[in-house]
Each structure stands twice: as structure tokens, then as C-alpha cells.
Amino acid sequence: MAKGFTRFLEWVVVVYFASHIPITIFIDSQATMPSWFHPKVLTDLVRDYSLEMKDEMMADPSAHPWFMSFVYGECLLQFPFFFVGAYAFYKGSCKWVRIPAIIYSVHTITTLQAIFAHVFFQDFTNSPHPGPVTLEDKLKLTAIYMPYLAVPVLILLMMLFSKDYLPGETVAKSGAARSKKQKSR
């Protein structure tokens, strides 16, 4: 089991995945589901959020098929991994989660890069829904999405560089065992 700082980072990831489960079910999935599917209190919450934070992607997802494809990816591909990831990082140092975690993190980082580009480079002056026009608006909206970039970057770095997740130890042991066999011949 990981110790110290790595264990702290694992707990950050556990909280991230555990919190992402209800967010995906109750909030994000509204971008792809009919409005009658969610209770009115939740659809009102997303509407109010969209107006307050000027998130025109969530205000009218159908106007952005690329955004809807990201939400479908979240609901169909990422959502099952939230349970796996929460379990693996809760247990700590589960080497078997390395490749799925790399796939998840790279997929998520890629989607957030496109969302951030849209927020910063799209001209929202003629948008039918309020969008982030000023730098302050853009930074506020980016701050909402930032944890969904920062934690996947953290996961990717852990999987690539943490000794607790590198497969090298088992490879080195099997290589040492082979060289021992060869010497005894």
C-alpha cells in the first residue's frame, strides 16, 4: 500500500470519483436525456447554473453536438470506471488499474481541452443563451470545469511516475529470476 503523499493523492482521487457518480447521474446526463427524465428540481438547478455561470453548453447542449458526444462518452464510458477507480484508489497501489486509469485520464484531458478552447475562443456575443463574454466570465466558468482537468492530470502523472503503480518491480523480479536460471545452467 502506498504511503505518505501518494496515499493522500489516492484519497483525492477517491473523493473525485465518488463525487463524480452523482454529478454524472443528476447533472451532466441532462445534456443527453429528455427533460422529463430528471425531476424538475434538478432541471431547474442546471438551468439556474447555466444562467449564473454563463455555461451555454449546458444551457443548450443540442446546439453543440461535439459537447453532447463528450457527455455521452462520460455517461457510457467513464461512468462505469468511476466505480472501478474509486475502489482501486481506495484500496491503494492497485497496479491493475494503471492502464484503465491512463485511458480514462487521457480521454478526459482531451475533452476538457476542447471545452476550454470553446470557452476561451468562441464568440458568444450573438449566442441565444448567455455565454462567457468577459475574461472574468470565462475564468469563472473555467474554474467550474478545472477539477475535471486537474484530477485526471494528477491520475495520469501518478500512473506514469509513481513507484506504487509502475509495473517495473514485477518485471525486474521476473527478469532476475530468469537470469538466475540461466546462470545455474
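Analyst: Start with L160, which counts as partly exposed at 34% relative accessibility. The scale runs as follows: buried is under 20% relative accessible area, exposed is over 50%, and partly exposed lies in between (1.4 Å probe, protein chains only). L160 sits in helix α7, residues 147-161. Helices (H or I, at least four residues) and strands (E, at least two) are DSSP runs, numbered from the N terminus.

A word on the model. It is a predicted one, where local features need pLDDT of at least 70, side-chain atom pairs count only at pLDDT 80 or more, and totals for chains, interfaces and linings use all residues. Residues are numbered from 1 along each chain as its sequence is written, and side-chain values use heavy atoms, with hydrogens and water left out.

V153, L157, L160 and F161 make up a nonpolar surface patch. Their accessible area together is about 360 Å². Such areas come from the Shrake-Rupley method with a 1.4 Å probe, and for residues only the protein chains shown count as cover. Patch members have over 30% relative accessible area and no salt bridge; like charges are joined within 9 Å, nonpolar side chains (Val, Leu, Ile, Met, Phe, Trp, Tyr) within 5 Å.

S162 comes next. It is found in the loop between α7 and α8 (168-184). S162 is buried, with a relative accessible area of 10%. Neighbours within four places in sequence aside, S162 is in contact (heavy atoms within 4.5 Å) with T6 and L157. L157 is also one of the patch residues.

Turn to the inner side. I155 touches V13, F17, F89, A101, Y104 and S105, residues up to four places away not counted. I155 belongs to the largest nonpolar core, which has 24 residues. A core here is a set of buried Ala, Val, Leu, Ile, Met, Phe, Trp, Tyr and Cys residues joined through side-chain atoms within 4.5 Å. V13, F17, F89, V97, I155, M158 and M159 touch the most other members. Two or more residues of this core come from each of α1, α4, α5 and α7. Apart from it lies another core, of 14 residues, including M58, F67, I115 and L141. In soluble globular proteins, nonpolar side chains tend to be buried together.

What does L112 touch beyond its sequence neighbours? Its contacts, leaving aside residues within four places, are Y145, Y148 and L149. L112 lies in helix α5, residues 98-121. At 4% relative accessibility, L112 counts as buried. L112 and Y145 are 33 residues apart along the chain, yet their C-alpha atoms are separated by 7.7 Å.

A pair of aromatic rings is described by the distance of the centres and the angle of the planes. Rings of Phe, Tyr and Trp (its six-membered ring) pair if their centres lie within 6.5 Å; planes under 30 degrees apart are stacked, over 60 edge-to-face, the rest tilted. By this rule there are 17 aromatic pairs. One of them joins Y16 and Y148: it is tilted, with 6.0 Å centre to centre and 45 degrees between the planes. Y16 lies in helix α1 (residues 5-26) and Y148 in helix α7, so the pair ties together parts 132 residues apart in sequence. Y16 is buried at 6% relative accessible area. Y148 is partly exposed, at 22%.

F79 and F83 form another pair, with ring centres 5.2 Å apart and planes at 90 degrees, so it is edge-to-face. Both residues lie in helix α4 (residues 65-91), 4 residues apart, about one turn of the helix. F79 is buried, with a relative accessible area of 19%. F83 is partly exposed, at 43%. These rings belong to one aromatic cluster: Y16, F17, F79, F81, F82, F83, F89, Y104, Y148 and Y165.

To recap, helix α7 carries L160, and L160 is part of the nonpolar surface patch. I155 is among the core residues that touch the most other members. Y148 pairs with Y16 and is in contact with L112.

Note on methods: A salt bridge is a side-chain nitrogen of Lys or Arg within 4 Å of a carboxyl oxygen of Asp or Glu.
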